[in-house]
Amino acid sequence: MPTDDTVRGRAARNALTIGAYAAVFGVSFGVLATSADLSVAQTCALSLLVFAGGAQFAVVGVLAAGGATAAAVVSGLLLNSRYLAFGMVVTPFLRGSVARRALGAQLLTDESAALALAEPDAREAVRTYWVTGVVLYLVWNAGTLVGALVGEAIGDPATLGLDAALPAAFLALLVPLLRDRPRRVAALAGAGLALLLTPVTPPGVPILAAALGGLAGLRVPGGTRDAR
Amino acid sequence: MSWAALLVLAAGTYACRAAGPLLLGGRELPPRLDAVLGLLPAALLAALVATQTFADGTALALDARAAAAAVALWRGAPFVAVVLVGTVTAALLRLAGLP
């Protein structure tokens with residue numbers, strides 16, 4: 001059994017690893033948003049209030065391409081609709097007072113959910129969720145402010161391979177979850193459904209629809225009820 | 001972008017995030033729903049991996065990200081190593097001219 005200290009160290013180390021990437025993307029968001037004629041205040045408000053990288057890049061991308069504000073908002077909301085499903089999944093980590101749950105909900109990201117879900121022990125999962133969420137919130141907003149103020153191109157993160165890190169990280173977190181047949185079926189159905197829908201729906205919707213893939217796992221015998 | 005539009009986006013996003021924790025949190029869930037929630041993480045994470053690896057906007061694409069993701073299948077590798085090796089793999093492939 002790992003000691004309390006090593007587990008705590010792992011939560012912090014993993015959060016800081018993801019945080020380093022979020023910082024770079026935060027800076028590039030700040031640069032991109034201000035170059036799309038958003039004020040520094042609005043750029044920072046997006047990161048503080050929306051706090052969702054994919055949606056923020058999508059919104060600024062639509063605006064920079066000359067799209068209507070309404071189209072930008074709708075594409076951002078569609079991308080973030082997946083948080084409905086992720087919110088259900090992290091609900092067990094957010095027990096407690098209404099204020100605590102309301103605050104924890106704002107810290108929900110793909111990364112904080114994924115790292116917490118990969119933690120087998122329930123108490124460590126709660127700690128991982130909060131540590132990751134707080135770290136990401138701080139570095140994402142600090143990065144945004146720096147990018148918005150400096151306003152100089154730091155280069156496309158894709159050239160540095162940074163965009164490839166997240167799917168690799170999510171896959172590393174997914175593999176240990178696939179410990180029984182129902183979960184493997186759910187994962188296959190979710191991934192398959194998401195890829196099928198990608199060409200025909202706006203980004204974000206395939207992930208939300210993939211939640212239905214979870215239902216496919218219910219039909220498979222051999223499930224464990226300790227499911228979280 | 002108007003402040004009103006920005007606030008609509010923020011409020012809508014928060015509503016999606018908070019629906020589960022605020023409406024379901026603090027109460028016992030029926031066993032059937034609990035079983036569904038147990039399978040959701042695998043389905044959602046797999047969908048994230050699939051789209052972030054093979055989707056470029058609404059188009060499907062096979063590029064350096066797939067090689068980087070394959071690094072994650074290296075058994076027993078520490079999380080930090082997966083992330084770093086994945087990044088370096090994609091950067092090198094792109095340097096070599098792959099998309």
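User: In this predicted model, which residues of helix H11 of chain A are buried?
Analyst: Happy to start there! Helix H11 spans residues 205–218 of chain A. Pro206(A) is one of its buried residues, and several glycines are on the list too.

User: What covers the buried residues of H11(A)?
Analyst: Look for elements from both chains here. From chain B, the cover includes H2. From chain A, it includes H10 and helix H5 (82–90).

User: At what angle do H10 of chain A and H2 of chain B pack?
Analyst: Two packed helices are described by the angle between their axes and the distance between the axes. Here the helices are residues 181–197 of chain A and residues 31–54 of chain B, and their axes are 7 Å apart. The crossing of H10(A) and H2(B) is right-handed. The angle is about 40°.

User: How do the residues in the contact of H10(A) with H2(B) divide by class?
Analyst: On the H10(A) side, the contact includes Pro182(A), Arg183(A), Ala186(A) and Leu195(A). On the H2(B) side, Leu39(B), Val49(B), Thr51(B) and Phe54(B) are among them. The division is 16 nonpolar, two polar and one charged.

User: Which element gives the most to the side of chain B that touches chain A?
Analyst: The contact between the chains takes 84 residues from chain A and 63 residues from chain B. On the chain B side, helix H1 (3–24), H2, strand S2 (59–60), helix H3 (64–70) and helix H4 (79–95) each supply at least two residues. By class, that side has 44 nonpolar, 15 polar and four charged residues. The element that gives the most, with 21 residues, is H2(B).

User: Is Thr53(B) buried or exposed?
Analyst: You can find Thr53(B) in helix H2 of chain B. Leaving out residues up to four places away in sequence, Thr53(B) touches Pro167(A), Arg65(B), Ala66(B) and Ala69(B). A residue needs 20 or more other C-beta atoms within 10 Å to be called buried. Thr53(B) has 24 of them, so Thr53(B) is buried.

User: How far apart in space are Thr53(B) and Thr13(B)?
Analyst: In sequence, the two residues are 40 residues apart. From C-alpha to C-alpha, the distance in space is 24 Å.

User: How does Gly12(B) count by its C-beta neighbours?
Analyst: Gly12(B) is found in helix H1 of chain B. Gly12(B) and Ala64(B) are 52 residues apart in sequence and 34 Å apart in space, C-alpha to C-alpha. Because Gly12(B) has 19 C-beta neighbours inside 10 Å, Gly12(B) counts as partly exposed.

User: Why are H7(A) and H8(A) called roughly antiparallel?
Analyst: Angles over 145 degrees count as roughly antiparallel. The axes of H7 (residues 110–117) and H8 (residues 122–150) of chain A come within 8 Å and cross at roughly 155°. That angle is why H7(A) is described, relative to H8(A), as roughly antiparallel.

User: How many nonpolar, polar and charged residues does the contact of H7(A) with H8(A) have?
Analyst: From H7(A), the residues are Glu111(A), Ser112(A), Leu115(A) and Ala116(A). They meet Ala125(A), Thr128(A), Tyr129(A), Thr132(A), Gly133(A) and Leu136(A) in H8(A). By class, the contact has five nonpolar, four polar and one charged.

User: What is the phi of Asp37(A), and is Asp37(A) buried or exposed?
Analyst: Most residues other than glycine have a negative phi. Asp37(A), in the loop between helix H1 (4–35) and helix H2 (40–50) of chain A, has a positive phi of about 75°. With 11 C-beta neighbours inside 10 Å, Asp37(A) counts as exposed.

User: And Phe51(A), is that residue buried or exposed?
Analyst: Phe51(A) lies in the loop between H2 and helix H3 (53–64) of chain A. Phe51(A) has a positive phi, near 50°. Since Phe51(A) has 24 C-beta neighbours inside 10 Å, Phe51(A) counts as buried.

User: What ipTM does the predictor give the complex?
Analyst: For the separate chains, the average pLDDT is 88 in chain A and 89 in chain B. Within chain A, confidence is lowest in H1(A), at a mean of 86, and highest in H2(A), at 97. For the complex, the predictor gives a pTM of 0.85 and an ipTM of 0.88.

Key. Residues are numbered from 1 along each chain as its sequence is written. Chains are lettered from A and ligands numbered from 1 in the order in which they are written. This is a predicted model: local features need pLDDT of at least 70, side-chain atom pairs count only at pLDDT 80 or more; totals for chains, interfaces and linings use all residues. pLDDT is the predictor's confidence in each residue, from 0 to 100. Axes are lines fitted to C-alpha atoms, for helices over the stretch in contact, and angles run from 0 to 180 degrees between N-to-C directions. Helices (H or I, at least four residues) and strands (E, at least two) are DSSP runs, numbered from the N terminus. A crossing is left-handed if the near helix is turned anticlockwise from the far one by less than a right angle, and right-handed if clockwise. Two residues are in contact if their C-beta atoms, placed from the backbone, lie within 7 Å. Ala, Val, Leu, Ile, Met, Phe, Trp, Tyr, Cys and Pro count as nonpolar, Asp, Glu, Lys and Arg as charged, and the others, Gly among them, as polar. A residue is buried if 20 or more other C-beta atoms lie within 10 Å of its own, exposed if 12 or fewer, and partly exposed in between; C-beta atoms are placed from the backbone. Angles under 35 degrees count as roughly parallel, over 145 as roughly antiparallel, 65 to 115 as roughly perpendicular and the rest as oblique.
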